[in-house]
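Biologist: Show me the model, please. I want to know what stands behind each label.

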Amino acid sequence: MGAAQFDRLDPLPAVPIELSTIVDLWQGKSFLNEQFTLNNLKFQRSRNPYQIIHLATHGEFKPGAASNSFIQLWDGKLQLDQLRNLGWNNPPVELLVLSACRTALGDETTEMGFAGLAFQAGVKSALASLWYVSDEGTLALMSEFYHQLKTAPIKAEALRAAQIAMIQGQVRIENGVLWGPFVAAKRGGQNSQQAIREMAGNGDSLPYPSGTPTGNGNSLGEDSFAAQNLTHPYFWSAFTMIGSPW
């Protein structure tokens, strides 16, 4: 689930691509914008015990009362003190991915923030961030993480492999196009040579949609991401695994 448009927060134009990429890799279901509500989040998990829950949106951790911190939904905010009421311990959620800002950040009273409380509430593992993350950098990391998760022996290794791929420039944005090993898997299986041959250019690519509005009115075209270098630690090192690495 995720949201790309907000009333009072900057838009996240990479979220729809993030969701569609994950769903294609894992044959799941996605719920965007108006479908990303607290009631629908509870309803979908109650009707189908999903083992992986992915939330792509804005997040904010603020010291003090639990109600100060939130994960932004379409119809409001999911606050820290509401996590225990979601029933994610019955049956336990295997992996919760909080693809948002500052979701692993905590203080003296709320150690490890949203991710830590989710773990205490029964989630086996939570992937979350320590600072304000990049929309396009998070798209790249999450796309490769889910690709690696299909074959990695443990979840923490899938994250490590995705981060290494970004360090080495295997996952990147060039001329408005997102490139990465995950595209071959998305188009025909991890070892699909036919899928690789059918791709344009000399690598694996996934078109990044032009014409999507951003906060300043510009579109996501070639000029917007032509100089994006996702090898910098800012883009890949914020996310950490809380709870079980398995």
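Predicted model: local features only at pLDDT ≥ 70, side-chain atom pairs only at ≥ 80, totals over all residues.

Biologist: What makes the pair of N40 and Q35 a polar contact?

Modeller: A polar atom of the N40 side chain lies 2.7 Å from the backbone oxygen of Q35. The cut-off for N or O atoms is 3.5 Å. The distance of 2.7 Å is therefore within it.

Biologist: Now helix α3. Why is helix α3 called mostly covered?

Modeller: Helix α3 spans residues 113-120, and six of its eight residues are buried. They are G113, F114, A115, G116, L117 and A118. Buried again means under 20% relative accessible area.

Biologist: What covers the buried residues of α3?

Modeller: The cover includes β2, β3, β4, β5, β6 and β10. After α3 comes G122, with a positive phi near 120°.

Biologist: On to the strands. How do you know that β6 and β10 pair?

Modeller: Pairing needs at least two bridges. Five bridges join β6, residues 125-129, to β10. So the two strands pair, and they run antiparallel. One of the bridges links S125 to G243 in β10.

Biologist: Which sheet holds them, and what makes a strand an edge strand there?

Modeller: The open sheet has four strands, in the order β1-β5-β6-β10, with mixed pairing. β1 (52-56) and β10 (239-243) are its edge strands, as each pairs on one side only. From one strand to the next, the twist averages 15°.

Biologist: How do you know that helix α5 packs on this sheet?

Modeller: Helix α5, residues 155-167, touches β5 (95-99), β6 and β10. Its direction makes about 175° with that of β10.

Biologist: And how do you know that β2 and β3 pair?

Modeller: Two bridges join β2 to β3, residues 70-72. At least two are needed, so the pair qualifies. In β3, F70 is the bridge partner of E60. These strands belong to an open sheet of three, in the order β2-β3-β4, with antiparallel pairing. Its edge strands are β2 (59-60) and β4 (77-79).

Terms used. Residues numbered from 1 in each chain as written. Heavy atoms only, no water. Axes fitted to C-alpha atoms, helices over the stretch in contact; angles between N-to-C directions. Contact = heavy atoms within 4.5 Å. Polar contact = N/O pair within 3.5 Å; in protein donor to acceptor, adjacent residues only side chain to side chain. Buried < 20%, exposed > 50% of the residue type's maximum accessible area, 1.4 Å probe, protein only.
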